[in-house]
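Okay, thanks for coming, everyone.

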Amino acid sequence: FVNKLQYLARIDRARALTAQTAETDAIRFLVGTQSLKFDNQIHIIDFDDENNVINKSVLLHDAGEIWHISGSPADKAVLTTCYSKTSESRVLTCAAVWRMPPEWESGNHESPDDSSNNPQTLELLCHLDNTAHGSVACVLWEPMGDGKRVISLAENHVLLWDLQESSTKATISSSATLEGKGQLKFTAGKWSPHHNNTQLATANDTAIRGWDLRSMSQIYCIENAHGQLVRDLDFNPNKQYYLASCGDDCKVKFWDVRHINEPVKCLEEHSHWVWSVRYNHSHDQLLLTGSSDSRVILSNMVSISSEPFGHLVDDDELSDNEESQQEDKGKEPLQDSIIATYEEHEDSVYAVEWSAADPWLFASLSYDGRLVINRVPRALKYRILL
Amino acid sequence: MSSATTPPDSDPSQRRRVHSMLKHYYGLNEEGKVTEQAESLDPCDINGPHFDPEVYLNKLRMECSLGELMDHESCMVKQIRFINFICLSTDTIRKMKNDFKKMEDEMDCLSANMAAITEFSAHISGTLQDQHAQITKLSGVHTLLRKLQFLFELPARLNKCLELQAYAQAVSAHRRARCVLQQYSHMPSFRGIQDDCHVIMEQLAQQLRQKFRDGGSSAKDLSECVELLLQLDEPAEELCDKFLSHAHSSTTNPFLSPTAGTDILEFIDRGCNEFVSSLCLVIASYQELFINRPQEGELASKNIPEMANGKLHVFVDTLAARYFSLVERRIQEEKGVSDNSLLVRALDRFHRRLQAISKLLPGSAVPSQGTEIVVRAARERIKQYLSALQTFYHDSLTDVRQALAAPRGATSKDATPSLPELLTSLSNFILNQLKSVLASVHLFTAKDITFSNKPYFKGEFCSQGVREGLVVSFIKFICQSSRQYCESAGDRGGSTPPALLLLLSRLCLDYETSTISYILTLTDEQFLVQHHTPVTPVTALCAEAREAAQKLLNHYVKVQGLIISQMLRKSVETRDWVNTIEPRNVRAVMKRVVEDTTSIDVQVGLLYEEGVRKAHSSDSSKRTFSVYSSSRQQIRYAPSYTPSAPMDTNLLSNIHKLFSERIDIFSPVEFNKVSVLTGIIKISLKTFLECVRLRTFGRYGLQQIQVDCHYLQMYLWRFVSDENLVHFLLDEIVGSAAHRCLDPSPMEQSVIEVICERG
């Protein structure tokens, strides 16, 4: 059994990674490259679980180097990218919605030797026009939505877009602007899957803010959430008020947004900036972090998860009262622990993602273009499941 | 006569003749009858009565010759002589005979006299007999009369006693009369008296009880009262209760209001003198009254002592409980730790005086409760000392902070040299304070303190109290609070000055190497700690101190690295790198970085040793620069310049590995200057790298980065343990900048050098 697989992208630099959110059968990740001089590409990484083989397809993204990539939750062919565009000695990061050409899957796998084969190009659906608002930091799809709403964070603006006419037309339905001293700029954001998708969390500098999308107003603000810049956020998929954040102070913090004075928990395992934090979509005790110390750390945060005593007791189990009570007695709250530290990367890891199809699988991407796919250790998997 | 019989064997008839002559003389006949008829009438018979000497002589002259005459004459002479002798003896005997006779007469006379006397005497005594009986009777009457008089006078007397408050007399008088009155109560007069007495005694008892209740009298008066009442047949139980309740008020009253402002010794003194001594007095008089008194009569049956003893214990316990609560409250108020001797002396006195109670009342729990209080006070004291030490430590640190902050504003040069001095003085302050606290606490175990030989003070106090509770806790506190500096400061604006972190780190390290074992040895020696219970070993404490030192130093590196990082980050983020002008100078921020690094180097050098560094080449800055600008750079850039060129991924990976030794950005720092500086520089350059990767550069932007990196190269290598580290990171920075450059045309190496050397 191979626990990890590496894939070295044929590009030198890459930052953007996403799982293909709408794809629930194949284990598939999308990587966007960063190159100022050559055409940028979207690498579609398919992991064949049975044969332990990685298959790669390439799509051309000629708009510019990709800083952020995000797949639609409804249509697996649709994705957004944030890319930088240089014009007249000005660099601007724009956002657009793309569709993968339908033919990419049919025999367009790029073999290592076959580089002369011209890759297909992404089909532009629409621009999320941001010329008025400045560079876009990221685009967020509505979690588990119908693929018709996205949010883009541009400088200090939150823009909520409606995608119409099969995503070919994007209109701003509402927006909010963060006002304050100095040049405020959003660095990251996350659309909460809870509360009917009406909440958003954003990060700017050291602060984390919560927004109500109905009124487009701020609902909470964690000032100085981190000692330095906040790099990433993620919502606990099973606990609606819980939020993880990471930043330049090398820490990962867990927040209950109802009590923002102190973090619920704080991890300090990385030795440099933590760029990415991701909850496992199903088992929220599993937490993935990637850092510019070139490490990926998989943590088991049982104590603050939705399953602090192991797996959830189902209803049918409850009927057998005596047994479950005995079980409960034997179970103490499990200890939070580091499950594994992955050191395959040799450059800064800027992105980590769980697979959308297999909850025990995850990918990490470092700047040198190395994508590593790992599994949660089997022993832990069984401990969580059984 | 025997001479007359000589010669005895010559003539037996002669002998017979002599014998018969003697018989004759004494009037005795040979056969008991006088034979007068046989007497011859011969005148010549010399022995006959009719002897005629003339005849005899004539006869002899005629008959006898001369010889015979001579013989006869000599015989005659002998016989005469014998006879003379006989005659003489006979006279004497006769005379004696007469005397006896006379004596006998006199004796008779005497006996007669005696009889007369006896008779008289009997007569007299007979006469006197009557009179004696009379006298006895009279005397009896007299006594009776006196008693009667006493009885009749009793009410008056009792009244008088009552007036004079001579209760004792009254009671004894009444006691004497009581039985009689009881006996003759059927007689109206006596009954009257008895009733009177009864009333008076009732009154008296009333007065006594009144006196009892008033409580104004001293314990001694009171005990007298009780004694009298007891004699008046008051129920002992009630008396006990009353006595105790009175004693209760009298012992506690003056003590009830602990006035503020008195020091503890004075307070305890008052407590001892007023409460404990009067309690002792009460106990003593109570015991005298109820417990130790000889049991007489009906009182014996009531088993008073047992009952009284029980009551006494309850009484003493309740009072003592109250006293103890007061004392404890007062002790708790004793928060100032400046002078421990006062408290110890007070506790000693407190404890000592309670021993008196244990002597008086052997079974009482009071003294042991007192010991408990002392133990609690000692425990509390240790806690107070600990917190005092902690406060002192905080204050000292505040002083150090001020010292660190103050000169920095005035002249920057003055601040740094004082760092070792600050460390020494801080360390000495703490040590001295600890020593003085130990000395203070040591008072608890001084030989002349009564409670020092209690098991608690011999064992637990020394080991668990002083060693663990005070010394070990304090050391742990130092480590703990040091760790807190690491946790709080970094996040919220870095309120702790880095120099303080450095200083504390050194302090903890010094503790690890020597101070802890010194302090603990000192404690163990002073308190002769016998470890009955497991105590924290020195090694564990040292490990903790080392951990704290490590953490502080790590944090120092982080904080200093962060300061430099922030400068670099701002300088990269705020600049428009696409539209910048051609570089003519090293940017000011780089100079600042080098300056700051230099001053950090000086600062760390004051407290930490140099450390080891890898050997340098003769001219590191030059040599490495050439390496980095030539082969390595090209290898690193190769993929980015030729992205679509077929390239063996394996080879690429290997090349990559060759040059990228993993760098732990915040790896643990060693306790030396080089390691600290290496850490800080690593953090700073890594930040630089990450910031560069987020930007897009124009041609001149890249060139500026080249210049800046070269400048850093020139100065930073000397601070780190391995200069390759600096080279690697700077390579990465320039490489990343080149990759992020829209028009990557690097500057000529010689031009870079010129610019950098110009400063």
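Helices (H or I, at least four residues) and strands (E, at least two) are DSSP runs, numbered from the N terminus.

What you see is a predicted model, where local features need pLDDT of at least 70 and side-chain atom pairs count only at pLDDT 80 or more, while totals for chains, interfaces and linings use all residues. Residues are numbered from 1 along each chain as its sequence is written, chains are lettered from A and ligands numbered from 1 in the order in which they are written, and side-chain values use heavy atoms, with hydrogens and water left out.

Let's start with chain A. How many helices and strands are there in chain A? Three helices and 29 strands. Of its 386 residues, 58% count as buried; buried means under 20% relative accessible area, exposed over 50%, and partly exposed in between, with a 1.4 Å probe and protein chains only. Chain A exposes about 15600 Å², and carbon and sulfur atoms supply 44% of that. Those areas come from the Shrake-Rupley method with a 1.4 Å probe, and for residues only the protein chains shown count as cover. As for contacts (heavy atoms within 4.5 Å), take the ones in chain A between residues at least 6 apart in sequence: 51% of them join residues at least 24 apart.

Now zoom in on one sheet of chain A. It's an open sheet of four strands in the order β6-β7-β8-β10, with antiparallel pairing. Which strands sit at the edges? β6 (65-71) and β10 (123-127) of chain A, each pairing on one side only. On average, neighbouring strands in this sheet are turned by 35° against each other, direction ignored. For those angles, axes are lines fitted to C-alpha atoms, for helices over the stretch in contact, and angles run from 0 to 180 degrees between N-to-C directions.

Let's follow the strands along. β6(A) is largely enclosed by the rest of the structure, because six of its seven residues are buried. A hairpin through six residues takes us from β6(A) to β7(A), and these two pair in the antiparallel sense over six bridges.

Two loop residues in chain A are worth a quick look. E165(A) isn't a glycine, yet its phi is positive, about 50°. It's in the loop between β13 (157-164) and β14 (169-177) of chain A. N197(A), also not a glycine, has a positive phi of about 55°, and lies in the loop between β15 (186-191) and β16 (199-204) of chain A. Buried or exposed? E165(A) is exposed, with a relative accessible area of 54%, whereas N197(A) is buried at 11%.

On to the rings. Rings of Phe, Tyr and Trp (its six-membered ring) pair if their centres lie within 6.5 Å; planes under 30 degrees apart count as stacked, over 60 as edge-to-face and the rest as tilted. Searching the whole structure gives 15 aromatic pairs over all chains. One of them is W354(A) with F362(A), an edge-to-face pair at 5.3 Å centre to centre and 70° between the planes. Both W354(A) and F362(A) are buried.

Over in chain B, Y608(B) and F671(B) have ring centres 6.2 Å apart and planes at 20°, so that pair is stacked. Y608(B) is in the loop between α18 (588-607) and α19 (620-629) of chain B, and F671(B) in the loop between α21 (649-659) and α22 (673-693) of chain B, so the pair ties together parts 63 residues apart in sequence. Y608(B) and F671(B) are both buried.

Back in chain A, ring pairs link W273(A), W275(A), Y350(A) and Y367(A) into a cluster.

How values were computed: Pairing = 2+ DSSP bridges.
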